Amino acid sequence: MQLHDVWFVLIAVLWTGYFFLEGFDFGVGILTKLLARDEPERRVLINTIGPVWDGNEVWLLTAGGATFAAFPAWYATLFSGFYLPLLAILVCLIVRVLAFEYRAKRSDPQWKRNWEHAIFWTSLLPAFLWGVAFANIVHGVKINAAGDYAGNALDLLNPYALLGGLVTLSLFTFHGAVFVALKTVGDIRTRARTLARTLGLVTAALALAFLIWTQTSSGDAWSLAAAVIAVVALIAALAFNQLGREGWAFIFSGVTIVAAVAMLFLALFPDVMPSSLNPAWSLTVSNASSSHYTLKVMTWVAGIMTPVVLIYQSWTYWVFRKRIGVRNIPAH
C-alpha cells in the first residue's frame with residue numbers, strides 16, 4: 001500500500017468520525033423542534049451536546065485540511081464544483097455556533113425562539129446537504145479532461161444525490177434521538193425512544209434503497225460487506241432501543257453510520273472523484289495526490305498528534321457522561 005492509499009483511508013476515517021459525532025448533534029438540533037415540548041426541554045436537549053458539539057466540528061476541519069494537503073487536485077475540484085452547497089453548509093455551521101452561544105444571552109422569549117429556529121434549520125440543512133455532496137462524489141460528476149468540474153449546481157440535485165441527502169438526514173436524526181434517550185431522564189427519555197423507533201424504520205427504508213443503488217452502480221465485494229454490516233447494525237440499534245438499552249442502541253446506530261460511510265469510500269476507491277463524462281478523466285488517489293515527501297511528513301505529524309486529540313476528546317465525553325433532565329434546569 002502506497003502513501004496516497006494510506007491517506008485515502010485516513011481521510012475516510014476522519015469523515016467517518018465527523019459523521020459519527022456531528023451526526024448525533026445535528027440530530028439533537030433537529031429534535032429541538034420534533035421532540036421538545038417546551039423551553040426547559042429544549043434546554044435539556046441543547047445541554048446534552050453543549051460540552052461536545054464544538055469538539056465534534058474539529059473532525060470536519062481536520063478532514064478538510066487533510067484533503068487539501070494530501071489531495072490538492074481533489075480539494076480544488078470538490079470545493080469549486082460543490083461551491084454552493086458547501087458554502088450553504090459553512091454558513092449554517094457559523095450561524096449554528098452563534099445560536100448556541102447567543103441563545104441564553106437574553107431572557108426575552110422572542111430572542112430565544114429566534115435562535116432556537118436557527119438551531120433547528122442549521123442542523124437540518126447540513127445533515128441533508130452532506131448526503132447530497134457525498135452521494136454525488138461517489139456517483140460521479142461532470143469532470144472534464146483538465147480535471148475541472150464542468151457542470152452546474154442543478155446537476156448536483158439528481159435523484160441519487162437527493163436520496164443520499166434524505167438518508168443522512170433521517171440517519172442523523174435517528175442517531176440523535178438514540179443519543180437523547182441515552183443522555184436524559186424522565187418523560188423526555190421515554191419519548192425519545194418512541195420517536196427513535198419511528199425514525200429508525202424510516203431510515204431503514206431509505207438506507208436500504210440507497211445502499212442497493214450504490215452497490216448496483218459502483219460497488220464490489222468489500223462495499224457489499226460494509227452495506228450488510230450497516231443494515232444489520234441498524235436492525236440491532238432498533239432492537240436495543242425497543243428493549244430500553246440505550247447504550248447499545250447508540251453503539252449500533254454509530255456502527256450503522258461507520259459502515260455506511262465505509263461503504264461509500266470502498267465504492268469510490270481508487271477514484272476520489274469519478275468523471276461521469278469519461279472515466280479516463282476521473283480524479284484518482286494517484287493523479288490527485290501530493291508528492292511522496294509531503295505525504296511522508298503528514299504521516300509523521302498525524303501519527304504524533306492524532307492520539308493526543310483522541311485521548312482529549314474521549315476524556316471530555318467521560319467527564320460529561322451523566323444523564324440530565326428538566327429537574328436539572330434552573331428556573332429563570
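Biologist: Which residues lie nearest the centre of the largest pocket?

Modeller: Leu60, Phe79, Leu90, Leu93 and Trp130 do, out of 24 lining residues. Keep in mind that this is a predicted model.

Biologist: What makes a residue part of that lining?

Modeller: A lining residue has an atom within 4 Å of a pocket point. In this pocket, 24 residues line the space. Its volume is about 510 Å³.

Biologist: Which helices supply the lining of the largest pocket?

Modeller: α4, α5 (72–81), α6 and α7 each give at least two residues. The largest share, seven residues, comes from α6.

Biologist: How do the lining residues divide into nonpolar, polar and charged?

Modeller: There are 19 nonpolar, three polar and two charged residues in the lining. Leu, Phe and Trp count as nonpolar, so Leu60, Phe79, Leu90, Leu93 and Trp130, named as nearest the centre, are nonpolar.

Biologist: Now the salt bridges. Why is the pair Glu41 and Arg191 called a salt bridge?

Modeller: The closest N and O atoms are 2.5 Å apart. The cut-off is 4 Å, so the pair qualifies. Glu41 sits in helix α2 (residues 39–49) and Arg191 in helix α9 (residues 187–218), 150 residues apart. Both Glu41 and Arg191 are buried.

Biologist: What ties helix α2 to helix α7?

Modeller: Arg42 forms a salt bridge with Glu116, with the closest N and O atoms 2.9 Å apart. Arg42 lies in helix α2 and Glu116 in helix α7 (residues 109–139), so the pair ties together parts that are 74 residues apart in sequence.

Biologist: Why is Arg42 called buried?

Modeller: Arg42 has a relative accessible area of 16%. Buried means under 20%, so Arg42 counts as buried.

Biologist: How do you know whether Glu116 is buried or exposed?

Modeller: Glu116 has 3% relative accessibility. That value is under 20%, so Glu116 is buried.

Biologist: Which network of salt bridges includes Arg42 and Glu116?

Modeller: The network links Glu39, Arg42, Arg103, Lys112 and Glu116.

Biologist: What makes Glu57 and Arg96 a salt bridge?

Modeller: Their side chains meet at 3.8 Å, N to O. The limit is 4 Å, so this pair counts too. Glu57 lies in the loop between α3 (53–56) and α4 (58–70), and Arg96 in helix α6 (residues 83–102), so parts 39 residues apart in sequence are tied together. Glu57 and Arg96 are buried.

Biologist: How many salt bridges does the structure hold?

Modeller: It holds twelve.

How values were computed
Residues are numbered from 1 along each chain as its sequence is written. This is a predicted model: local features need pLDDT of at least 70, side-chain atom pairs count only at pLDDT 80 or more; totals for chains, interfaces and linings use all residues. Side-chain values use heavy atoms; hydrogens and water are left out. Helices (H or I, at least four residues) and strands (E, at least two) are DSSP runs, numbered from the N terminus. Buried means under 20% relative accessible area, exposed over 50%, partly exposed in between (1.4 Å probe, protein chains only). On a 1 Å grid over the protein atoms alone, a cavity is a set of points where a 1.4 Å probe fits but cannot get out, and a pocket is an open set with protein on both sides within 12 Å along at least five of seven lines; lining residues have an atom within 4 Å of a point. Grid points are joined across faces, edges and corners, and a volume is the space filled by probe spheres set on the points.
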